[in-house]
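These are my notebook entries on a two-chain model.

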Amino acid sequence: MSRQANRAGDPRKVNGELFTLTYGALVAQLIKDYENDEQVNKQLDKMGYNMGVRLIEDFLARANTGRCNDFRETADVIAKVAFKLYLGLTPVVSNWSTTGDEFSLLLESNPLTEFVELPPGHSNLNYSNLLCGALRGALEMVQMDVDVRFVQDILKGDNITEIRLKFIKRLEDAVPVGED
Amino acid sequence: MTIYNFYLFDRNGTCLYYTDWNRKKQMTMSKEEEFKLMYGMIFSIKSFVSRLSPTDMKDGFLNYSTSKYKLHFFETPSGLKFIMNTDLSVGSMKDVLHQMFSSIYVEYVVKNPLCALDQPITSELFKNKLDEFVRGLPQFAVKPGS
């Protein structure tokens with residue numbers, strides 16, 4: 001995401017392995033620094049959130065999509081535009097709840113976990129938890145409070161990686177402060 | 001044609017950046033008061049426009065003109081508000097304001113981890129790039145003698 005990368009052409013063409021390995025080094029360091037997997041998950045989520053908050057501006061500037069009218073449109077934009085732009089893949093949107101406020105992103109492959117095997121004793125670690133934080137942070141900036149979590153993970157022996165998104169509420173615009 | 005001044009507000013109503021080029025009438029109140037007044041007006045106009053519109057709106061509020069100047073408005077889905085005052089002969093500035101967002105704000109503020117996103121912008125790089133960009137616009141040209 002550096003400015004240099006932007007000048008050199010399409011940042012999507014930055015070596016994907018560099019990204020994957022850098023992320024791996026980050027997770028490995030967090031595992032060393034924190035006592036348990038829960039805390040590592042929390043840190044990854046927090047870092048992701050901070051990235052998402054900035055990434056949304058980059059996304060809006062590039063994709064030039066307007067405001068989404070409903071959660072289904074949001075799901076489509078996330079899967080077909082955002083994942084494509086930043087990770088080069090298109091997850092499948094499925095498992096809609098009947099009320100339309102919950103859906104899953106199904107990833108057959110996860111670019112973050114390309115070279116990863118979870119060692120025994122880390123069954124609680126959500127290796128790619130940064131993604132959840134990034135989605136949450138980005139959506140919060142467009143006035144959507146959303147809960148994001150992993151429900152299936154290929155690293156843990158599931159057939160597919162599934163990220164569940166649940167719409168909680170719409171955040172209201174700030175009203176200007178009144179005269180004192 | 002000429003461009004008078006520029007305001008950038010965040011989603012909470014903080015004025016992130018203000019600058020002027022050919023503002024002839026000086027403000028009669030403190031900057032902080034003026035920012036509050038401007039944000040309040042924009043907020044109200046937005047709500048007016050969306051309530052009174054007889055059809056479904058796509059873009060919402062874009063600009064207004066008085067007998068002396070024209071105010072241009074552009075808002076991102078993330079709630080950033082770009083406001084620019086020009087003279088009356090200037091056409092739509094929507095694309096220009098979008099460009100200020102995508103090639104200046106995103107590049108020099110969002111991608112600068114040292115710039116807090118909810119504080120007034122202090123980056124010199126941003127200031128310079130913005131100034132350079134606006135001065136280079138065809139709408140900026142000041143007619144001699146005007």
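Predicted model: local features only at pLDDT ≥ 70, side-chain atom pairs only at ≥ 80, totals over all residues.

I take helices (H or I, at least four residues) and strands (E, at least two) as DSSP runs, numbered from the N terminus. Residues are numbered from 1 along each chain as its sequence is written, chains are lettered from A and ligands numbered from 1 in the order in which they are written, and side-chain values use heavy atoms, without hydrogens and water.

**Entry 1**

I placed A:Arg170 in strand E4 of chain A, residues 161-170. I call a residue buried under 20% relative accessible area, exposed over 50% and partly exposed in between (1.4 Å probe, protein chains only). A:Arg170 counts as partly exposed because its relative accessibility is 41%. For contacts I require heavy atoms within 4.5 Å. Beyond its neighbours within four places in sequence, A:Arg170 is in contact with A:Arg67, A:Val142, A:Gln143 and A:Met144. I also checked A:Asp145, which is 25 residues from A:Arg170 along the chain; their C-alpha atoms are separated by 6.1 Å.

I found A:Gln143 in the loop between helix H5 (129-141) and strand E3 (144-152) of chain A. A:Gln143 is not a glycine, yet has a positive phi of about 65°. I note that most residues other than glycine have a negative phi. Is A:Gln143 buried or exposed? It counts as buried, because its relative accessibility is 5%.

**Entry 2: A:Asn95 and A:Ser94**

I recorded a positive phi at A:Asn95 as well, about 55°, although A:Asn95 is not a glycine. A:Asn95 sits in the loop between strand E1 (92-94) and strand E2 (102-107) of chain A. With a relative accessibility of 43%, A:Asn95 counts as partly exposed.

I then turned to A:Ser94, which lies in strand E1 of chain A. A:Ser94 is buried, because its relative accessibility is 16%. Neighbours within four places in sequence aside, A:Ser94 is in contact with A:Phe103, A:Ser104, A:Leu106 and A:Arg164. From A:Ser94 to A:Glu108 I read 14 residues in sequence and 13 Å in space, C-alpha to C-alpha.

**Entry 3: A:Lys32**

A:Lys32 belongs to helix H2 of chain A, residues 16-33. Its relative accessible area is 68%, so A:Lys32 is exposed. I found A:Val116 to be 84 residues from A:Lys32 in sequence and 17 Å away in space, C-alpha to C-alpha.

**Entry 4: Chain A as a whole**

I counted 5 helices and 4 strands in chain A, in the pattern α-α-α-α-β-β-α-β-β along the sequence. Of its 180 residues, 42% are buried. Among the contacts in chain A with a separation of 6 or more, 60% join residues 24 or more positions apart. Accessible areas come from the Shrake-Rupley method with a 1.4 Å probe; for residues, only the protein chains shown count as cover. By this method chain A exposes about 10000 Å², and carbon and sulfur atoms supply 52% of it.

**Entry 5: Chain B as a whole**

Chain B has 3 helices and 5 strands, which run β-β-α-β-β-β-α-α from the N terminus on. Buried residues make up 48% of its 146 residues. Residues 24 or more positions apart supply 53% of the chain B contacts with a separation of 6 or more. The accessible surface of chain B is about 7700 Å², with 54% belonging to carbon and sulfur atoms. The C-alpha atoms of chain B fill a box of roughly 45 × 40 × 30 Å along the principal axes.

**Entry 6: Nonpolar cores**

A nonpolar core here is a set of buried Ala, Val, Leu, Ile, Met, Phe, Trp, Tyr and Cys residues joined through side-chain atoms within 4.5 Å. Which residues touch the most other members of the largest core? Among its 71 residues, they are A:Ile163, A:Leu165, B:Phe6, B:Phe82 and B:Tyr105. Helix H2 of chain B (residues 94-110) gives the largest share of this core, 10 residues. I also noted a second, separate core of 14 residues, including B:Tyr18, B:Ile42, B:Phe61 and B:Ile83.

Finally, I listed the contacts of B:Tyr105. Not counting residues up to four places away in sequence, B:Tyr105 touches residues that include A:Glu57, B:Leu8, B:Phe82 and B:Phe126.
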